[in-house]
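Visitor: I would like to go through this model with you, part by part. Could we have it on screen?

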Amino acid sequence: MLEYFILIGLVLFAGCWILSPILKSNSTDSAIILKTDEALGQLEYEKKEAYAAIRELEFDENMGKISKEDFGALKKQYMLDAVHYLKKIDELQENKSKAKALGEEEIIDQIEKEISSLRHGGSSKQKDVFCVQCGTKSPPNRRFCSSCGAKI
Amino acid sequence: MTEIGYYSVLTAFFLSGYSALIAFFGIRGRKGNLVASAENAAYAVFGFLTIASFVLIYALVTRDFQIEYVARYTSNGLPMTYTIAAFYAGQKGSLLLWGWLLSIFAAIVTFQNRKKNRELLPYVLTVLMTVTMFFTFLMVFVTNPFETFNYRPPDGQGLNPLLQNPGMLFHPPTLFIGYVGLTVPFGFAIAALITGRLDAVWIKTTRKWTIVAWFFLTAGNMLGMEWAYVELGWGGYWAWDPVENASFMPWIIATAYLHSVMIQEKRGMLKVWNIVLIIFSFLMTLFGTFITRSGLIASVHSFGESSLGWIFLIFLIASLLISLTLLIRRLPQLKSKNQLDSFLSKESSFLYNNLLLVGIAFTVLWGTLFPIISEAIRGVKITVGPPFFNAVITPIGLGLLFLMGICPLIAWRRSSVSNFLKKFFIPSTAAVAGAFVLFIVGIRLFYTLISYALCIFVLITLFFEFFYGTRTRHSVFKEGYHKALWNLVVRNKRRYGGYVVHFGVVLVFISLSANTFNLEKQITLKKGELFSFKEYKIRYDSLVNYPTAIKHVVAATLSIFNNEHKVAVLVPEKTLFKSQEQPTTEVAIHTTLKEDLYVILAGYGEDWITLKVLINPLVVWLWIGGVVMGLGTLIVMLPDRRGQSESKRKSVVRF
Amino acid sequence: MKKRKVKIFIISLVTLSIFGYLIYAGIRDTMTYYLTVSEVLAKPLQSFEEVVRVGGNVYADSVKWDAKDLRLYFKMKDEKASLNVEYRGVVPDSFKPGREVILEGVYRGEGKFIATTIMPKCASKYE
């Protein structure tokens, strides 16, 4: 008999718990995050993929898998991909932080720097930077704060 | 107690239905509180199915024979480990395990995505909960695992002796986890199709879940082969039985996906293809259940025929139609971002690899279904057995092996022909030389020769990949060789973990190709008599005959000599379980790296025994290869060490 | 770009036709008829070589087992007819009088069937 009471209790408890978010109507939007954040996340991901492709290409070149001419041509293509994503990220972030768009040359410069820092991975001597606006820690070479979007 | 189990499943059935519906309408109407409620319901489903599972385990452990399931699969003398394993010894328990695992995975997915993928998650939840509802539906309305007798039998029928092997403890649950794991990628694929968010996010999540499922499928299949080898006593481990095919097809399709997903990640191509692979790898798990339960196909493992198979078929067709409709609706959005740049590129080799893998899957499907097709079209039942599968799949498999060696030699997008030939020269020369040596030594079988030549080819390219990589790190970063090798693997987990998996596959190929050299003899021996078989001598020492609590054992003691040195004592047995009518043969195996000596006690009399003896070369490398594949997969799955610095760095191939 | 597409098309076509041929040849060379006992008896004898599969029940009192030579003789029947089966080798554990089995082997005429493989439909409890 006892086990029935326990089961009924559990069912009631689960019922209340499941229905509670519906009864609390103030939490309407918290479960669905705004779209721009996801879009940004996706662009970040694509950018990382492009960087990874460049690094892999360089590594392949070092291993002698690819000829000099191919390397040059491919790297340029990959760079353009990365630039494309970076620009898009800037566009999105502009809405939030009003950061100034950079020229193509600057962006390529930026990419080279980021890639070389990624390449050295953990052995990198660069320290994490802190946002001047809100104090959130960001990895080195981050141009914008991941929390408030201010330029670092 | 048993009612608790039943009502828990019933509650889970309603809650999963609720969760599926309300998650769907919650996200449609953009009502966050409904989605939150659906998530809580998913956790609750997990809770109730956990209760149900523990009730069944409790009933098994306490041997409550009033429950039909317990009485059918356990008995008083059954050891505790197998009593617990009886949880999934029958159809009903398997369904419960499937549903329970699914609810666990649903809870994990919900928890993992509580702060991300918020647009996708409700749909994923809808899919996972619908499938859970399907399984709980079966348990509530079709075959209730908690069905009871109105009396209490004094003892149960016991577990089939074939199942009383350590394999039983690991093989079925591992395979189930693999099957269930493929439902999660399917959920994400459907969610991506519904929302139209068809880019990187879903593919990243799906890939991770697929690799986990793939790990378990690989392990499950390997364990199953090992089990068949030591327990079934016919000297082999794979017979292309429909049941085996059913677990092989999802695996091969998942393998294809794990390769083609890289093209999508790197080049934004093959988007439709990837979705199709994900959908089919999930459908194949249902299909396997359908063919084994419907009695449609004559299998050696004839399962209890029931209407269950047909219910699975209906569910399968419904899933197929829904997924394809969604896919067709999204086709315009699934255009490739890029074109194939060159034929001598990683992309094209991956494409070809996919073509071959899917070709294998199709062959297996066709061979499995052929009896039905031929009966429908020509009115005669024609079966195709292992010879068919071997004849078709061997050349395709060798093609795959070749690609495995070629692929590391070429770069993404394009490689120049001259550069490729330069790289190609050493491995291919070595392969040809190796084949020549093997030919001289006396291996004249065409496929075997080709296979070993390709194995050499792949091994050398893999070695160069590690060697040059380490050397490059050494010269560029001034790291010591050990550290360079370590960093090479750890910083490029996917790439080098993948190579480790390939290394395991080569070992598997080496072992499989040696099958052509299997030897087999039958011999009747008198006590003390010697029998020579290749370099082995087998001496029959004694026969013992003794009863234990649950079985009666007849065991022959044999001394094994290898070139006059005694290397082992083997004891093949025949046992008769008291609760079963049929005898069980326990084979004895003497394993070395070179070959297995596999002895079956076929018959015995007063002073003689009849043995069947097999020499199976290189079998142990199959298991080693399986372990290496598992290790490689673990490297790929390894979480990032510096995850704290930035979670987004995950999945980036690191230099 | 056009040329490349044609190339892709040709390569896929070639691969697919290789698959098609492999499957076709595989089935042609390895297919075996799956028959009932009466179908075997009714079938005109084409050769003593053709391998067929037969399904039926083991006739209860007909099993003779010579454990020394590993020779097994039994009768297999369906509703109408029966076959005398001869088999040499290790008998699978689940082979039992009265049980349904699938045999692979050659029909030699006059009701005599030489089996090379016995596949008992093990009422495997692992469902």
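Visitor: Into which domains is chain B divided?

Guide: Please keep in mind that this is a predicted model. Chain B is divided into domain 1 (1-159), domain 2 (386-515 + 628-640) and domain 3 (518-620).

Visitor: How far apart do the C-alpha centres of domain 2 and domain 3 of chain B lie?

Guide: The C-alpha centres of these two domains of chain B are 38 Å apart. Domain 2 of chain B contributes 4 residues to the contact between them, and domain 3 of chain B contributes 4 residues.

Visitor: What classes of residue are on the domain 2 side of that contact?

Guide: The side of domain 2 of chain B that touches domain 3 of chain B has 2 nonpolar and 2 polar residues, with no charged residues.

Visitor: Turning to helices, how do α2(B) and α6(B) cross?

Guide: Helix α2 (residues 32-61) of chain B and helix α6 (residues 121-142) of chain B have axes that come within 11 Å and cross at roughly 35°. The crossing of α2(B) with α6(B) is left-handed.

Visitor: Which residues meet there?

Guide: From α2(B), the residues are V35(B), A38(B), E39(B), A42(B) and V45(B); they meet P122(B), L125(B), M129(B) and T132(B) of α6(B). By class, this contact has 7 nonpolar residues, 1 polar and 1 charged.

Visitor: On to the interface, then. How many residues do chain B and chain C each bring to their contact?

Guide: Chain B brings 46 residues and chain C brings 32 residues. Several elements of chain B each supply at least two residues to its side, among them β1 (382-383), α14 (386-406) and β10 (595-604).

Visitor: Which of the elements gives the most?

Guide: That is α13(B), with 6 residues on the side of chain B that touches chain C. In terms of class, this side of chain B comprises 24 nonpolar, 19 polar and 3 charged residues.

Visitor: In which sense do β1(B) and β1(C) pair?

Guide: β1(B) pairs with strand β1 (residues 32-36) of chain C in the antiparallel sense, over 2 bridges. T383(B) has T32(C) in β1(C) as its bridge partner.

Visitor: What about chain C itself: how many helices and strands does it have?

Guide: Chain C has 2 helices and 7 strands, and the pattern along its sequence is α-β-α-β-β-β-β-β-β.

Visitor: And how much of chain C is buried?

Guide: Of the 127 residues in chain C, 28% are buried. Among contacts in chain C with a separation of 6 or more, 43% are between residues 24 or more positions apart.

Conventions: Residues numbered from 1 in each chain as written. Chains lettered and ligands numbered in written order. Predicted model: local features only at pLDDT ≥ 70, side-chain atom pairs only at ≥ 80, totals over all residues. Contact = placed C-beta atoms within 7 Å. Helix = DSSP H or I, 4+ residues; strand = E, 2+ residues; numbered from the N terminus. Nonpolar A, V, L, I, M, F, W, Y, C, P; charged D, E, K, R; others polar. Pairing = 2+ DSSP bridges. Domains from an automatic or database assignment. Buried ≥ 20, exposed ≤ 12 C-beta atoms within 10 Å, placed from the backbone. Axes fitted to C-alpha atoms, helices over the stretch in contact; angles between N-to-C directions. Left-handed = near helix turned anticlockwise from the far one by under 90°.
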